[in-house]
Amino acid sequence: MFKEFVEKKRYSFHEGFDDWRDAIKAACAPLIADGTCEQLYVNEIIKKVEELGPYIVIAPNICIPHAQEGLGVHDTAICFMKTEKPVHFDPNDPEKDARLFFVLASVNNAVHMENLMAMSEACSNEDFVAKLLEVKTPEELATMDKVREEMGD
Amino acid sequence: MAKLKVIAACGSGMGSSQIIKMKLEKVFKKLGLDAEIYHTNVGDAKSQANNYDVVFCSESLVSTFGKTTATVIGLKNLLSEQEMTTKVQEKIIDANK
């Protein structure tokens, strides 16, 4: 998964964002650039969070921006972004801060489920998440599949 | 205990709800609970909640459910099997004793 992020140029590294909306836009930028999705999909992700709250922050530091299947989406993909400073989704709840973003786009549920499973299995290990938070370059990012493998459960 | 009817809900029905479903299947198996789990978006979950025993969703979505006969369980960390196990034990197993 991580090697694929680098090979397909579906990743970005940033210092931080004052507004979570800008963070989501930046996280989605590689998918717009390669035609995986349209701006419409990004707007939809933001709209849903405004409507329902930061439900896309699924664990401390981990956020999975996504919206409905097919809406402005042309391919099934997952795209990575890391920020050095935490992005605040709820000013009153530091548990809703995120630094690792996995944008999900789907037109094919089987492939989407594989992506989702790989991502959630990898990030269920807190020691691995700690290591991922240390990654600063695409070269390091590409080695993370191996790092995860060597860690076991 | 009879077979549990469970909804895993999230904003769109395609991200976190599927993660919840995946993790719940593991937790239920470990605890020896028989359950069918349906994943969907909050709007659909809300309209169907009364036909189910339990709804699992992200903590930030709990308030959208309002009054329902189902037990609504909010999760802080969707990737933590430990949190899920504790909540299933407390709110489903112990509550039905």
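What order do the strands of the open sheet in chain B have, and is their pairing parallel or antiparallel?

1. The order is 2-1-3-4, in an open sheet of four strands with parallel pairing. Strands here are DSSP runs (E, at least two residues), as are helices (H or I, at least four), numbered from the N terminus. Two strands pair if DSSP finds at least two bridges between them.

2. This is a predicted model, in which local features need pLDDT of at least 70 and side-chain atom pairs count only at pLDDT 80 or more, while totals for chains, interfaces and linings use all residues. Residues are numbered from 1 along each chain as its sequence is written, and chains are lettered from A in the order in which they are written.

3. At the edges of the sheet are strand 2 (35-41) and strand 4 (71-75) of chain B, each pairing on one side only. On average, neighbouring strands are turned by 25 degrees against each other, direction ignored.

4. Five bridges join strand 3 (residues 54-58) of chain B to strand 4 of chain B in the parallel sense. Within strand 4 of chain B, Val72(B) is the residue opposite Val55(B).

5. Across strand 3 and strand 4 of chain B lies helix 3 (residues 81-93) of chain B, at about 160 degrees to strand 4. Axes are lines fitted to C-alpha atoms, for helices over the stretch in contact, and angles run from 0 to 180 degrees between N-to-C directions.

6. Between the chains, 22 residues of chain A are in contact with 19 residues of chain B (C-beta atoms, placed from the backbone, within 7 Å). Helix 4 of chain A gives the most to the chain A side, with five residues.

Conventions: Contact = placed C-beta atoms within 7 Å.
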